[in-house]
Amino acid sequence: MAARVFPPKKLLKSFGNCYFFSRPFNSSSSSPSSSSISINHSTEKLESIIQKQPPPPPPPTNTDTSLNLHDVEKLFSSVPTTKLLRASANLHFAAMESMVDFGMWVMKSKLMDIEVFRDIVLGVVKHTFYEHFCGGEDALATGDTVRRLHRGGDGLRVMLDYSVECVSDNQSCDRNLEAFLHTVEIAKSLPPSSVSFVIVKISAICPMNLLGRVSDLLRWQHKNPSFNLPWKLDTLPILSSISPTYHTLHRPEPLTLDEEHDLQLAHQRLLKICQKCLEANVPLTIDAEHTPVQPAIDYFTYSSAIMYNRDDNIIMYGTIQAYLKDAKERLLLVTKAVEKMGVPMGFKLVRGAYMSYERKLASSLGFESPIHNSIQETHACYNDCASFMLDKIANGPGALVLATHNVESGEKAVAKAHDLGVKKVNQKLEFAQLYGMSEALSFGLRNAGFQVSKYMPFGSMEIVIPYLLRRAEENRGPLSALTLDRQLIRKELKRRLKATVF
């Protein structure tokens with residue numbers, strides 16, 4: 001058995017955001033039959049499909065080159081008053097820490113095992129936070145939300161996220177694979193350019209224990225380069241000289257034959273999704289997760305990117321979490337490697353969503369946190385990585401998604417884009433904010449002529465609850481920062497009231 005240090009079950013249950021209720025949501029007694037797909041795809045077949053892809057849609061018309069968040073009438077011109085009123089109420093409650101604390105306590109308590117109580121709580125959540133932050137209960141319902149957002153005057157695109165994660169068995173992985181493939185089909189059926197990306201979490205298509213085992217082995221090989229991993233495919237740099245390796249203090253045992261088989265199955269699932277996205281001409285973004293399993297996630301991402309990314313047609317995007325101290329160094333290593341290999345790479349740059357978990361895990365093991373020591377350091381890292389990548393995409397291949405709710409980061413990126421020449425970066429650059437958050441920033445960036453997407457989770461209440469809880473617990477800073485959004489929405493509501501009266 002592998003000798004490894006991994007978060008104890010209690011810590012995972014309390015802080016890992018994978019298991020919140022005693023009743024499992026992501027397991028299934030039956031699974032659809034899965035056809036196999038070879039990892040060694042035919043390059044000729046891939047290139048023939050790529051050549052058939054239509055050109056990317058034109059960027060939005062630039063009506064104002066600056067990021068203007070002061071003209072509320074212009075910002076919210078496409079938003080009905082009823083929607084503004086509802087958003088104002090939801091954001092007000094979301095910004096109340098006492099309300100968030102109480103809600104999380106209730107959702108994680110044993111009271112949720114009482115069916116009547118559970119139904120009442122889920123009903124309240126569904127008609128408030130769920131409907132505000134999520135697109136719908138299934139891909140079809142979410143498609144209607146996408147159409148309204150894109151055609152209703154907002155002019156925003158959507159990153160479709162079927163919000164399942166942290167599964168423990170192959171049956172659940174197979175079921176999730178079918179859901180992801182269906183999501184790509186829905187994206188293909190929606191108006192052109194309305195869906196910018198399909199989002200996948202690797203922990204939804206590969207069992208968590210296996211991700212931990214693979215991550216342990218990758219960390220050990222990073223510390224001991226002669227350590228052989230016979231199953232390892234061509235990939236890009238995964239860890240840097242300052243990446244945390246305290247999760248793996250002792251040499252792990254090699255994968256068993258069953259584990260290698262399960263790893264092969266997980267690769268096949270990801271490649272099926274890649275192939276589907278390639279045929280639908282919808283890029284795929286792999287979300288980052290927490291550090292115990294992130295090396296394996298990056299391994300899946302980069303090995304698939306090498307197979308599928310060609311010239312300017314980037315199918316696979318990875319995610320860099322700027323709150324990690326090693327983020328910039330890993331980004332530099334990967335970009336240097338892809339330049340040498342001639343493989344274009346897309347990145348989604350985020351700050352990160354597992355701060356409390358990461359700090360508590362590192363502390364429990366007696367190590368320094370992998371998270372920057374201050375929010376200012378995280379902001380600086382994010383802005384440095386954004387500037388670096390904007391330079392890269394302006395002068396060569398690659399693509400970038402700047403996922404941020406921070407106005408200053410948005411302003412810096414807009415200024416940098418104009419310095420470089422908007423035409424050089426606009427086809428390769430996407431701004432993104434969570435659906436239901438930072439609407440003013442989204443509209444301001446759209447009005448400044450940039451492509452803007454809303455990250456839209458969808459799925460049944462039971463699937464999406466872990467996402468909602470993590471956002472509440474881990475993003476207290478951004479939620480508090482929604483003060484600006486609430487102020488601007490209230491200002492516009494007052495303006496509309498005065499216009500109606502007078």
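This is a predicted model: local features need pLDDT of at least 70, side-chain atom pairs count only at pLDDT 80 or more; totals for chains, interfaces and linings use all residues.
Residues are numbered from 1 along each chain as its sequence is written, and side-chain values use heavy atoms, with hydrogens and water left out.

**Exercise 1: a helix and its surroundings**

Task: Work out how the span of helix α11 compares with the expected one, and say how α11 sits in the structure.

Solution: 
- Start with the term: helices (H or I, at least four residues) and strands (E, at least two) are DSSP runs, numbered from the N terminus.
- Next, α11 covers residues 294-308, which is 15 residues.
- The expected span is 1.5 Å times one less than the number of residues. For α11 that gives 21 Å, and the model's 21 Å from first C-alpha to last is close to it.
- Finally, check the cover. Buried means under 20% relative accessible area, exposed over 50%, and partly exposed in between (1.4 Å probe, protein chains only). In α11, 15 of the 15 residues are buried, so the helix is largely enclosed by the rest of the structure.

**Exercise 2: strand β7 and its partners**

Task: Which strands pair with β7, and which residues cover its two faces?

Solution: 
- Two strands pair if DSSP finds at least two bridges between them.
- Strand β6 (residues 399-403) pairs with β7 in the parallel sense over four bridges, and here A403 stands opposite A432.
- Strand β8 (residues 452-458) also pairs with β7 in the parallel sense over four bridges, with F431 standing opposite V452.
- In a regular strand the side chains alternate between the two faces of the sheet.

**Exercise 3: salt bridges**

Task: What separates D216 from R219 along helix α9, and where are D391 and K416?

Solution: 
- A salt bridge is a side-chain nitrogen of Lys or Arg within 4 Å of a carboxyl oxygen of Asp or Glu. The whole structure has 22 of them.
- D216 and R219 form one, with their closest N and O atoms 3.1 Å apart.
- Being three residues apart in α9, D216 and R219 are separated by about one helical turn. Both are buried.
- Now take D391 and K416, whose side chains meet in a salt bridge at 3.2 Å, N to O. This pair links distant parts of the chain: D391 is in helix α14 (residues 375-395) and K416 in helix α15 (residues 407-420), 25 residues apart.
- D391 is partly exposed, with a relative accessible area of 30%.
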